[in-house]
Amino acid sequence: MTTETLEFQVEARQLLQLMIHSVYSNKDVFLRELVSNASDALDKLRLEKLRDDSLDADVSDLHIEIDVDKDARTLTVRDNGIGMSYDEVGQLIGTIANSGTATFLKELREAQDAADAEGLIGQFGVGFYSGFMVADEVTLVTRRAGESQGTRWTSRGESTYTLEKVDDAPQGTSVTLHLKPADPENQLHDYTSPWTIKQIVKRYSDFITWPIRMVPEKGDSEDAPEPETLNSMKALWARSRDEVSDDEYHELYKHISHDWREPLETIRLQAEGTFEYQALLFVPSHAPHDLFTRDFKRGVQLYVKRVFIMDDCEALLPPYLRFVKGVVDAQDLSLNVSREILQQDRHIRMMQRRLTKKVLSTIKEIKTKDADRYATFWREFGTVLKEGLVTDSENRDAILAVASFATTHAEDEPTTLAQYVERMKDGQDDIYYITGESRQSIENSPHMEAFRDKGIEVLLLTDAVDEVWVDAVGEYEGKKLRSVAKGEIDLDGEKDEKAEGEREKQAEDYAGLLGWMREQLEEDIKEVRLSSRLTVSPACVVSDAHDLTPALENMYRAMGQEVPRTKRILELNPGHPLVKNLNQAYKEREDRSGLVESAELLHTLAVLAEGGQPKDPARFVKLVADRLERTL
Ligand code: ADP
């Protein structure tokens, strides 16, 4: 047989180096990872056989077996599951497909110290490669169910691995770790000790639904000892709450999610009646890196009567709960159920509604009981949850009840809408907000000036989705949600006659300039008016109450939709010297061509002040430079 020697992909090599010089202190978890892979392989085979009865594979006694050999210092984890073909071994074991891993490695290189690095490993999990934490050589022998030839893969974790075809491989996969020399200081982690192995399996893999067997060491007698099953195989979701420890739930979470950290919350649901099912859901404690990418795999695992059916079952939870992990086990579905059928099934839709409500009510409970945990939740998943305000009108109120937003009221403590309403001033009818890129840029935007002056609270919304949900939701408890950058703002509440008269006079005084400026700026501006928003800045641009904001326009364009350019409204501050002088000059001069540039500059300044871009930056710079030159 020929042996091929191949190079690991760069990322894989980096990851291996890390495992070999392991910075991860809890090395026991390598066994959980290997058992987890073996269990997945058994699930896959059972499913494939179910779908295609002609598959030439033995499914009569699917199980995982662990063997230790003290003398040779090896540990083998064997399964008789789906196995891998020659090509698959190269692809799956030699490379890292997971896009998150590249991010992970980058962060790891930037990690300051070992503790940081350990935290990062915990975040990503590294599956099969974790074997190299405890072994200096790993051999994997595998044969894909239905194929006749097997493959042997060997590596010392350096830059290369070897692949070789073998004739006598049993169906499934066996992974043999050639353990590093024993550490006499650390008997507890002697992986050739059956006792140690038993403890680790109990601790991390008890719930695995396949038997995990170990053959005890040969005693003095000649008879081969009976293998012992190490795990209880009890589905955690079918057991009552007081039978299961938090640790056990957490280990299941880690198995399902490939996240090595504890979840933030465990949610149990047992539905009785005509359509019976059990659900065990988890809210992670950290958002995964790819949560907002197109290929994010969402959904929970679906079981039917304890039989694993599929990963990432999308139909069970709405997209805005895509961070939720877990298992749903239904009693009355066909084992042959497909994704397409699930999308249309009435019972599944009912399950989705119930699970959604359960998750939302659990979040509410966290919010009521534990401010710190709620803060973590909202920081990690608030942005995703807000998508539900747009897409799930049925649960809008439940989402609003757990939502919180940055506010001018406090530097770093977000507010709920209910709290905002409680603080509203006498005579204030609306809930005010401003949207934009960052807190800093919007907090200093000219649109905020009058609000700051009058001490009126404004919500500071900086997620892209905020632009959308505020329109979709429209109001909260009868109070309109209003952008401070849209429509006319009149904060003076009661009309006082003197001020009214004052304003009328001003309007008359400025009528000429406003009309003239509108003509000059016609391409971008549909109206020029005096502002009641501004106290310090000379001008700002605002949108009509029902117009798209510039950010939304950009968003639609980025998604490839055609949207006409919305003209905006320019507001001038009649109390500002620049505006006053411009009006004076307008009234005095016959030839106004010299003022055209001033009008243009004033408009561009207003665009810049709200964080926008000048239409023609080079021209803007030239105009400003010319002016400066003249003042020197
Ligand atoms: P992960 O399990 O996170 O995908 P691993 O590095 O542990 O990452 O494994 C990579 C892939 O190799 C798995 O997704 C699976 O396709 C394959 N694999 C690993 N172990 C086994 C096994 N015991 N049987 C069959 N395939 C396996």
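The following legends describe close-up views of a predicted model. Local features are reported where pLDDT is at least 70, side-chain atom pairs count only at pLDDT 80 or more, and totals for chains, interfaces and linings use all residues. Residues are numbered from 1 along each chain as its sequence is written, and side-chain values use heavy atoms, with hydrogens and water left out.

**View 1. An open sheet of three strands has the order E21-E23-E22.** The pairing in this sheet is mixed. Strands (E, at least two residues) and helices (H or I, at least four residues) are DSSP runs numbered from the N terminus, and two strands pair if DSSP finds at least two bridges between them. Strands of a sheet pair through backbone hydrogen bonds, either parallel or antiparallel. E21 (525–530) and E22 (539–542) stand at the edges with a single partner strand each, so one side of each has no neighbour in the sheet. Neighbouring strands are turned by 25° against each other on average, direction ignored.

**View 2. Strand E22 pairs with strand E23 (residues 568–572) in the antiparallel sense.** Four bridges join the two strands. Cys-540 stands opposite Glu-571 in E23.

**View 3. Helix H16 (residues 497–520) lies across E21 and E23.** The helix runs at about 160° to E21. Axes are lines fitted to C-alpha atoms, for helices over the stretch in contact (heavy atoms within 4.5 Å), and angles run from 0 to 180 degrees between N-to-C directions.

**View 4. Helix H1 (residues 10–20) contains the buried residues Ala-12, Leu-15, Leu-16, Leu-18 and Met-19.** Buried means under 20% relative accessible area (1.4 Å probe, protein chains only). Seen down the axis of H1, these residues fall within an arc of 155°, so they line one face of the helix. The arc is taken from the directions from the helix axis to the C-beta atoms.

**View 5. Leu-582 lies in helix H18 (residues 577–588).** Leu-582 is buried, with a relative accessible area of 7%. Apart from neighbours within four places in sequence, Leu-582 is in contact with Leu-513, Met-517, Leu-595, Ser-598 and Leu-602. Leu-513 is 69 residues from Leu-582 along the chain, yet their C-alpha atoms are separated by 8.2 Å.

**View 6. Residues surrounding the ligand include Asn-37, Asp-79, Phe-128, Thr-173 and His-258.** A residue is near a molecule if one of its heavy atoms lies within 4 Å of it. Polar contacts are pairs of N or O atoms within 3.5 Å. An N or O atom in the side chain of Asn-37 is 2.7 Å from an oxygen atom of the ligand. A polar side-chain atom of His-258 lies 3.1 Å from an oxygen atom of the ligand, and one of Thr-173 lies 3.2 Å from a nitrogen atom of the ligand.

Conventions. Buried < 20%, exposed > 50% of the residue type's maximum accessible area, 1.4 Å probe, protein only. Polar contact = N/O pair within 3.5 Å; in protein donor to acceptor, adjacent residues only side chain to side chain.
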